Amino acid sequence: MKTRIIGLSAAVAAAALTGFAAQTRAGGDKVAFPANYDKGVLYTTVDRADNKQYRELFVTPASAVEAAKKGAPLPNGTVLTLVQYRAVLGADGNPTKDANGRFSKGDIVGYTVMEKRAGWGAEYPPEIRNGEWEYQAFTPAKAVNDKANLTACFQCHKPLDKQDFVFSYDKLQAHKGM
């Protein structure tokens, strides 16, 4: 009887630990496609000549802009969505420009999302951890891009710890639409 109770206790403990591990898993699977990203704040656009892309950056909630304006870390629950478009190319193979001198946007190439939640990131080793941020890439059809190298996101953003790991933090600070 005693052996059976010990065995049952071990099984319950193992199941509890397995459940805990599933809740604290690392990876982009924590990040769902932000269906209403375009209802957030469009805080900057970028022309990328190196890959002939036009990009739009959105943030939700709007309070993230206010935090950046104060030089504070972005609040938990912040979602940054980068929408990547092919630039429309002219006959010479170079991007065409609109009336404002910006690349003309063509088809969507994909979406890249950063999301910050309390407790996220603790399972990463210090050399790649980006605070409480997770990353995910999505296809133009808004499905997870399983070919994306999310570790590269962590490595690239890692040196930006002084600006909450966000390349466009200065654009959030300077946004005037609030």
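The secondary structure of the chain, taken here from a predicted model, comes to four helices and five strands. Read along the sequence, these elements follow the pattern α-β-β-α-β-β-β-α-α. Of the 178 residues in the chain, 36% are buried, and among the contacts with a separation of 6 or more, 57% are made by residues 24 or more positions apart.

The strands form an open sheet of five members in the order S1-S2-S3-S4-S5, with antiparallel pairing. Strands S1 and S5 lie at the edges of this sheet, each pairing on one side only. On average, and with direction ignored, neighbouring strands are turned by 20° against each other. Helix H3 packs on the sheet through contacts with S4 and S5, and the direction of H3 makes about 130° with that of S5.

The pairing can be followed strand by strand. S1 and S2 run antiparallel and are joined by seven bridges, one of the paired positions being Arg48, whose bridge partner in S2 is Gln53. The hairpin formed by S1 and S2 has four residues between the strands, and Lys52 in this hairpin takes a positive phi near 55°. S2 in turn is joined to S3 by eight bridges, again in the antiparallel sense; here Tyr54 stands opposite Tyr85 in S3, and Phe58 stands opposite Thr81 in S3. S3 and S4, the latter comprising residues 105–116, also pair in the antiparallel sense over eight bridges. Along this pair, Val83 stands opposite Tyr111 in S4, while the bridge partner of Ala87 in S4 is Lys105.

Seven of the eight residues of S2 are buried, so S2 is largely enclosed by the rest of the structure. S3 is likewise mostly covered, with eight of its nine residues buried.

In soluble globular proteins, nonpolar side chains tend to be buried together. In the present model, the largest nonpolar core holds 22 residues, of which Val59, Leu74, Leu80, Trp133, Tyr135, Val166 and Leu172 touch the most other members. At least two residues of this core are supplied by each of the strands S1 (41–48), S2 (53–60), S3 (79–87) and S5 (133–138), and by each of the helices H2 (63–69), H3 (150–157) and H4 (169–174). A second, separate core consists of 14 residues, including Phe33, Val83, Tyr85 and Ala87.

When residues up to four places away in sequence are not counted, Tyr135 touches Gly28, Val31, Val113, Met114, Asn130, Leu150, Cys153, Phe154, His157 and Phe165. His157 has its place in helix H3 and has a relative accessible area of 12%, which is under the 20% limit, so His157 is classed as buried. With the same exclusion of residues up to four places away, His157 touches Met114, Asn130, Tyr135, Phe165, Val166 and Phe167.

The largest pocket contains about 690 Å³ of space. Its lining comprises 31 residues, of which Arg48, Arg55, Leu82, Thr112 and His157 lie nearest the centre of the pocket. The elements that give two or more residues to this lining are the strands S1, S2, S3, S4 and S5 together with helix H3. S4 gives the most to the lining, with six residues.

Definitions and conventions: Residues numbered from 1 in each chain as written. Predicted model: local features only at pLDDT ≥ 70, side-chain atom pairs only at ≥ 80, totals over all residues. Heavy atoms only, no water. Core = buried A, V, L, I, M, F, W, Y, C linked by side-chain atoms within 4.5 Å. Buried < 20%, exposed > 50% of the residue type's maximum accessible area, 1.4 Å probe, protein only. Contact = heavy atoms within 4.5 Å. Pairing = 2+ DSSP bridges. Axes fitted to C-alpha atoms, helices over the stretch in contact; angles between N-to-C directions. 1 Å grid on protein atoms, 1.4 Å probe; cavity = no way out; pocket = protein on both sides within 12 Å on 5 of 7 lines; lining within 4 Å. Points joined across faces, edges and corners; volume = space filled by probe spheres on them.
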